[in-house]
Amino acid sequence: MSRQPLHYIPTTGFRERSKAVVEDDFLQKSFRGAMDFLMAKRAAQFPDGNEFESLRRLGEQIRRNSLDKLPALLTQLEANLVRNGIQVHWAETPEEANRIILAICEKHGAKRMVKGKSMVSEEIEFNHAAEAAGVEAIETDMGEYILQLAGEKPSHIIMPAIHKTKAQIARLFEEKIPGVAYTEDVDALIQIGRRVLRQKFLEADIGLSGVNFAVAETGTLCLVENEGNGRLSTTVPKVHVAITGIEKVIEKLEHVPPLLSLLTRSATGQNITTYFNIISRPRQPGEKDGPEEVHLVLLDNGRTQPFADEELRQTLQCIRCGACMNHCPVYTHIGGHAYGTTYPGPIGEIISPHLLGLEATAALPSASSLCGACGDVCPVNIPIPDLLVRLRTEVYSEPCPDARLKGQGAGYSPWMTAIWRAWAAIYGHPALYRVYSWLASRLNWLTPARQAGWTSVRTPLTPAPRRLRDLLKEKR
Amino acid sequence: MSARDRILQRLTAVQAKEPSPAPEPEHWYASRARNESADGRARRFAAMMEGARAEVHRVDRHNWVEKLREILAAKSIGNLLIAPDTAHGSAARDGLANSGIACLAYDRPIEAWKPELFHHVQASLTAARSAIAETGTLVLWPDAHEPRLMSLVPPVHFVLVDAAHIHATFFDALRAENWAAGMPTNALLISSPSKTADIQQTLAYGAHGPKELVVLLLEDAP
């Protein structure tokens, strides 16, 4: 063992944030409870393991096949949407996507926007851009609305306010909504939200939503929800803008039912959600409601990077159900905010490096015990643990000039690599190992008391004064 | 070069491999098909809907207006939004005349009466195109006569669905009705009153849409 301090990669606060959550007993208990609840609900939806396996094989096939034809399906989707009267925009970066949406707002003089839940709008930090442009963008999903009042970001992609208790929400409503008295009654709190947001729907001049599936063959956008805010956002205002990642396209309408079933059962343990909203056109002549203009913004933001690699392409199969985070022991302990990225948990660990580069996300692929639970429950069979190992290799390997991944080698340390190479050589050669272990046991007083990351929460590793092989020899 | 062209260029620059095998959802659904009578499907549909907090009434297809009037009175609902150009809409209007329940017609664009729809209308009546037994789901295709917001804004939503139009699965519904041949402006699957569990995973109904969903399942009198 070396006295040389081991070199660790700065993790831009990931460890500190994780530690703070782990030390908070209250958060520990509430995350554990919420995850147990979601796991039990999902398990009840898949009582038959064979049915789950065969359905997820079908789901995986649909997503893989669509991705293999991605460029063709995107152009088919675009042609059919345009034929249906829906305007299509393409954005390479979050800035570009924000510019496109704000230009649509400006064209219509729209100052009041209602938003359905959209993780891609979180990814591009649309609300900040809207605020800077003087557009009031109101989150209307109950969870997202609570977070917007609190000035926080979602900590879960499906249950955004999962880290908040009803007491905290009661205080928040009392403080932020005029004329509201403190109540911990959940029904009453929801009715308060309903009342406030109904007025926003009534006044809004533009609506923004995400997309769960975009169907190429018919030019159709599908949205999954329980509350009805998604339907209101896409029906009441005179303009509707949908935004989604380029990977969300599927080829055929008949591919929707299996994916919808996998999504809702995996996400919240519901056999189906309250609403499945299927949009193919703006308001037609004679129709009395619905937006007169519908737009779709297709965002790349780094998605073409994993697409180019056959193994990493599987990342894009994701249908954003969140089951991987619900089953992740690391997520359950550190919560969604610790990751510092839009998408937390196992899916965040494998998608964020492509969106943000490996420099900014070097710590994430290592934030896993590789227990495999995420891969076991993934409804489209993404081999998340394998992809985590692959990304770790990309982080810690020597930077190469024609690297395919942005930030490849961001965690590379010549020292660390030399130490592990030396260790591999010693461990792989019995003669060398004998000499090494003899020296280590005799010189064990030289082992440092502080061993970088290891001793921050553990006692130091010290070689025993006598080797096992010596003890065994004596016994014989 | 536009963003579109650059994105597509990056995607097409990747050496195309043989596409993975085409998915065959019809095989999966066929392998799991149940041998179920129409009545069995209707019962399964009703049980699933009731399990999701919808009210289901199995009624004689010639007598549903009476049931509607009865439920409206029991719930003390004072007005009902109907689609006057539809057969069921006008049947409801005729049947509710002199009942003390006002029938409001969705007969002008939303812009002309938005505040009234949001603040004044207590209930609505629409038809469903069909239904799905597996998940307890109503299929609605709103149109010029029966607009989209009818099934969303009023706090109580009454839906008529013909028991003869219940499919086993969503897949069966869109295959049997050949959806891919022509999609409407908006199609909807509705499976319960509006709900949320966003506050401490506690289920609450009446989030943004209807607080109550009342299904009148139309059947032939025995």
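# Reading a two-chain predicted model

Trainee: Where is A:Gly219 found, and with which residues is A:Gly219 in contact, leaving aside its neighbours within four places in sequence?

Mentor: A:Gly219 lies in the loop that links strand S5 (213-215) to strand S6 (220-225) of chain A. A contact is counted if two C-beta atoms, placed from the backbone, lie within 7 Å; with neighbours within four places set aside, the contacts of A:Gly219 include A:Leu77, A:Asn80, A:Arg83 and A:Ser280. A:Gly302, by contrast, is 83 residues away from A:Gly219 in sequence and 24 Å away in space, C-alpha to C-alpha.

Trainee: In what sense do S5(A) and S6(A) pair, and what is the order of the open sheet of eight strands?

Mentor: Strands count as paired if DSSP finds at least two bridges between them, and S5(A) and S6(A) are joined by three bridges in the antiparallel sense, with A:Phe213 standing opposite A:Cys222 in S6(A). The open sheet of eight strands runs S8(A)-S5(A)-S6(A)-S9(A)-S9(B)-S6(B)-S5(B)-S8(B), and its pairing is mixed. Strand S8 (249-250) of chain A and strand S8 (166-167) of chain B stand at the edges, each with a single partner strand, so one side of each has no neighbour in the sheet. Helix H12(A) packs on the sheet and touches S5, S6 and S9 of chain A, its direction making about 25° with that of S6(A); the axes are lines fitted to C-alpha atoms, for helices over the stretch in contact, and the angles run from 0 to 180 degrees between N-to-C directions.

Trainee: How many bridges does S9(B) share with strand S9 of chain A, and how many residues of chain B are in contact with chain A?

Mentor: Strand S9 (residues 275-279) of chain A pairs with S9(B) in the antiparallel sense over five bridges, and in S9(B) the bridge partner of A:Asn277 is B:Leu188. Over the whole interface, 61 residues of chain B are in contact with 74 residues of chain A. Among the elements giving two or more residues to the chain B side are helix H1 (3-13), helix H7 (170-176) and strand S9 (186-190) of chain B, and H1(B) gives the most, with eight residues. That side divides into 34 nonpolar, 17 polar and ten charged residues, where Ala, Val, Leu, Ile, Met, Phe, Trp, Tyr, Cys and Pro are nonpolar, Asp, Glu, Lys and Arg are charged, and the others, Gly among them, are polar.

Trainee: Which domains does the assignment give for chain A, and how many residues of domain 1 are in contact with domain 2?

Mentor: Domain bounds come from an automatic or database domain assignment, which for chain A gives domain 1 (18-43 + 310-396), domain 2 (57-301) and domain 3 (429-475). The C-alpha centres of domain 1 and domain 2 of chain A lie 23 Å apart, and 26 residues of domain 1 are in contact with 28 residues of domain 2. Helix H2 (25-45) and helix H14 (323-326) of chain A are the elements that give two or more residues to the domain 1 side, with H2(A) giving the most, six residues.

Trainee: At what angle do H2(A) and helix H12 of chain A pack?

Mentor: H2(A) and H12(A) (residues 256-268) pack at about 145°, with their axes 6 Å apart. A:Leu38, A:Lys41, A:Arg42 and A:Gln45 in H2(A) meet A:Arg265, A:Ser266 and A:Thr268 in H12(A), a contact made up of one nonpolar, three polar and three charged residues.

Trainee: Is B:Ser76 buried or exposed, and what is its phi?

Mentor: B:Ser76 counts as exposed, with 8 C-beta neighbours inside 10 Å, and has a positive phi of about 50° although it is not a glycine; B:Ser76 is found in the loop between helix H4 (64-74) and strand S2 (79-82) of chain B. A:Glu125 also has a positive phi, near 50°, but A:Glu125 is partly exposed, with 15 other C-beta atoms within 10 Å.

Conventions:
Residues are numbered from 1 along each chain as its sequence is written. Chains are lettered from A and ligands numbered from 1 in the order in which they are written. This is a predicted model: local features need pLDDT of at least 70, side-chain atom pairs count only at pLDDT 80 or more; totals for chains, interfaces and linings use all residues. Helices (H or I, at least four residues) and strands (E, at least two) are DSSP runs, numbered from the N terminus. A residue is buried if 20 or more other C-beta atoms lie within 10 Å of its own, exposed if 12 or fewer, and partly exposed in between; C-beta atoms are placed from the backbone.
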